[in-house]
Amino acid sequence: MAANLPSSGQPNWSSKPAFILAAVGSAVGLGNLWRFPAEAGANGGAAFVLVYILCVALIGAPLLLAETLIGRHGQRSTITSAALLARQSKASSGWASLAVIGMIANYLILTFYSVVAGWVLYFIWTSGGDVLRTIAAGQPFAGAYSNLTVEQVRQQMPDLFADPVKMSIAHFIFAAATTYVVARGVKGGIEVAAVWMMPAFFILLLGITVYAGVTGDFAAGAAFLFTPDFARAVQPEVLNSALGQAFFSLSLGGGAMVAYGAYASRETNLGQTSGIISAADTSVAIIAGLAIFPIVFSVGLAPDAGPTLMFQTLPAAFHSMPAGALVGLAFFVLALFAALTSSVSLLEISTAYLVERFKMARVMAAGLLGTSFFLIGMVSVLSFNIWADHRPLAMVPGFTNANWFDVFDGVTGRILLPLSGLITAIFIGWVADRKLVNEETGLQSGPLLPIWRFLVAWLCPIAVFLILLFGLFPQLIS
Ligand code: PHE
């Protein structure tokens, strides 16, 4: 290994299942529970699901392998790992810019991800209080918030948005929890959180899906998700949002998977684990859809509520469902587990970099980054109330009507992640030493290696270039 690079004092996962659980923990998050149903609902249901699955299989999973292999090859922070592979391939270390862009993107995602996770915490608080109230009233299986009207239940979300103090407290608690886990280290923090929370997450999710199947309108939910209107599926905005969602949901583009790959052992077959992680993440998204839409349809609500689906439509649906109070609480606890195992991966990237580059103690690095992302996240908190009228990028096409929260979300999701993903695909597909790369994939025998190389070198760059283009210039497709 190049002698002038910082040595690899990297921690490692304690086992291959621990790596898979941590990576699935990063992938499975609010992206699956909040963003996927919202996007599917707004983009025609099954048409979106169909395109999404193709995007994951043909673009997401190959890029996931590309990212984990950069990390595992370098065994260092994302930037140094990318620079190392570039240097060993006799290419410019400027290729590490992919990791610099990614690190910035993921840090910015964390600032607003924590705000949304704060909403989840707030709903745990209100539905927890509601469960206690129903138990005290001797009706533990009552619907959620049965002391309120449906309108009042729906009003909870706008009320929360109007209250910067409540939102900041929730954002603070989540930011502190994320920082705590990362400060405890890879094995002692991130891995422990994933190993406990992910299995609990799966059990809760299956329970809620069964409940939705029994009490909700399962047939309507399944039809909505699985009978595509093919004309809708080829619409550019559906393709565009499905590809963006695949990036976000698989934690791609920002280097989270490079960072986690760096802690994977030499024996781990990355081709295989990338397949497992992609399949698990996609199954969770679809199961979440199968849990959410039957409930939404059974009470006659519209599936296309977008981002408010999880916080406004679902509580309103739980209002009239049997045992809605308990199930509502379970649902938000599940979302919290998923969010926390994702946010730690967002924070780990820059923490590992500070530790490596400045020899900073991990607690110090996580603490500094935690404090600063909390403070920057306050801008997103205020964009729902005090600064609701601010349009920071009013001059930029595509952002004319975006508040601060939308700017953070849009700049990262629509520009920075795809950009860094594009550079990754070109770097791995064309620039990096073929032999070094192929050895890391674990795909040596059979047709998978050439297929993967084709997808990374051709399909990924072209498709990602197109989303970048349409993400930036939506007028081109309208
Ligand atoms: N994949 C996570 C989710 O679905 C979000 C995430 C994005 C995490 C990018 C890490 C990096 O919620």
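Author: Contact means heavy atoms within 4.5 Å. The model is predicted, so local features need pLDDT of at least 70 and side-chain atom pairs pLDDT 80 or more, while totals for chains, interfaces and linings use all residues. Residues are numbered from 1 along each chain as its sequence is written, and side-chain values use heavy atoms, without hydrogens or water.

Reader: Is Thr 282 buried or exposed?
Author: Thr 282 lies in helix 13, residues 270-298 (helices are DSSP runs of H or I, at least four residues, numbered from the N terminus). Its relative accessible area is 10%. Buried means under 20%, exposed over 50%, partly exposed in between, with a 1.4 Å probe and protein chains only. Thr 282 is therefore buried.

Reader: Which residues is Thr 282 in contact with, leaving aside its neighbours within four places in sequence?
Author: Thr 282 sits in helix 13. Setting aside neighbours within four places in sequence, its contacts are Tyr 52, Ile 53 and Val 56.

Reader: How many residues of helix 4 are buried?
Author: Helix 4 covers residues 78-88. The buried ones include Thr 78, Ile 79 and Leu 84. They pack against several helices, among them helix 3 (46-74), helix 12 (256-261) and helix 15 (324-358). Of the 11 residues in helix 4, the number buried is nine.

Reader: Which residue takes a positive phi just after helix 4?
Author: Helix 4 itself is mostly covered. Just past it, a phi of about 60° belongs to Lys 90.

Reader: How far apart are the axes of helix 5 and helix 6?
Author: Helix 5 spans residues 97-136, and helix 6 spans residues 150-161. Their packing angle is about 130°. The axes are apart by 12 Å.

Reader: At what angle do helix 16 and helix 17 cross?
Author: Helix 16 is residues 362-382, and its axis comes within 6 Å of that of helix 17. Ile 376, Val 379 and Ser 380 of helix 16 touch Trp 404, Phe 405 and Phe 408 of helix 17. The axes cross at roughly 120°.

Definitions and conventions
Axes are lines fitted to C-alpha atoms, for helices over the stretch in contact, and angles run from 0 to 180 degrees between N-to-C directions. Helices (H or I, at least four residues) and strands (E, at least two) are DSSP runs, numbered from the N terminus.
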